[in-house]
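Here's a quick briefing to read alongside the model. Keep the 3D view open and follow each point as you go.

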Amino acid sequence: MIEEKFFPDRERLVQALANDCASKLQQGIREHGQASFLVSGGSTPEPVYRELSKRPLPWSDITVALVDERWVEKSESGSNHAFIEKSLLQNAAADAPFLGMKTPHATASEGEADCGRAYSELPRPFDVCILGMGGDGHTASLFPHAEGLEAALDVKGTQLCKAITARQSEVTGVHTERMTLTLAAILQARDIKLLITGEDKLKVYREALLGSDEQEMPIRSILKQGLKAVTVYWAP
Ligand SMILES: O=C1O[C@H](COP(=O)(O)O)[C@@H](O)[C@H](O)[C@H]1O
């Protein structure tokens, strides 16, 4: 259920991933008249988003929505909403409708129900979901041993969005309060793509494949679920 697409350099990865996303989004529009594109934050996908933003797709039919968010305002540092606006929702893609996760609520827990309601109105099945992975084995905002992780990893769960309180680490920085898509929501995507770069993350990915403890490395819940195919894109 895992297909590995490994590239000799990042430029080739960016072009291939942008091509694959574009063709799956167009397929969604052909089949359902509209498409949904779930996007992660982080530094790794930025060149892919910049490339995709220039592609002449019918962007007004493609709803872009976040995979996860830090519980900060759009004007604050670390906002995935602001990052996606600057990287993907530019050029041709400026026409795409966008759904973020941050609600006006003071805490992610308080915003969870509203966030879930908004996500339940997205075109489904989701067409493409781009995931990243941290050096600690997290994906989306499914952080190791986080409060809320067990519920978020319930493959039979009905929630699309879950508030998470991560343990503070070098990876989370001060942003421990998050909103994330649940595993069950991610598995509703027709096409799940995991994007990683560099030798360090390749080692983490290989380590995740070897073990089974999902609390320790939540990326395992994606790699080992056995229900949906996952394509792993990697370049040095
Ligand atoms: O915290 C996060 O990190 C991961 C990976 O980010 P990267 O900078 O190492 O590419 C990302 O997938 C996730 O959306 C983000 O919230």
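Helices (H or I, at least four residues) and strands (E, at least two) are DSSP runs, numbered from the N terminus. You're looking at a predicted model, where local features need pLDDT of at least 70 and side-chain atom pairs count only at pLDDT 80 or more, while totals for chains, interfaces and linings use all residues. Residues are numbered from 1 along each chain as its sequence is written.

**The whole chain**
- The protein chain has 8 helices and 10 strands.
- Its radius of gyration (taken over C-alpha atoms) is 16 Å, close to the 18 Å from the globule rule (2.2 Å times the number of residues to the power 0.38) for 236 residues, so the chain is as compact as a globular protein of that length.
- Along the principal axes, the C-alpha atoms fill a box of roughly 40 × 40 × 35 Å.

- Helix α1 (residues 10-32) packs against helix α2 (residues 46-53) at an angle of about 55 degrees, and their axes are 9 Å apart.
- Axes here are lines fitted to C-alpha atoms, for helices over the stretch in contact, and angles run from 0 to 180 degrees between N-to-C directions.
- That makes α1 and α2 oblique to each other (under 35 degrees is roughly parallel, over 145 roughly antiparallel, 65 to 115 roughly perpendicular, and the rest oblique).
- On the α1 side, R10, V14, Q15, L17, A18, C21 and A22 meet P47, V48, E51 and L52 of α2 (contact means C-beta atoms, placed from the backbone, within 7 Å).

**Around the ligand**
- S40, G41, G42, S43, T44, V67, D68, G132, G134 and S141 surround the ligand (a residue is near if its C-beta atom, placed from the backbone, lies within 6 Å).

- The peptide bond from R124 to P125 is cis, with omega near 0 degrees.
- You'll find P125 in the loop between α4 (108-120) and β6 (126-131).
- N91 isn't a glycine, yet its phi is positive, near 50 degrees.
- N91 sits in the loop between α3 (80-87) and β5 (98-99).

Terms used: Contact = placed C-beta atoms within 7 Å.
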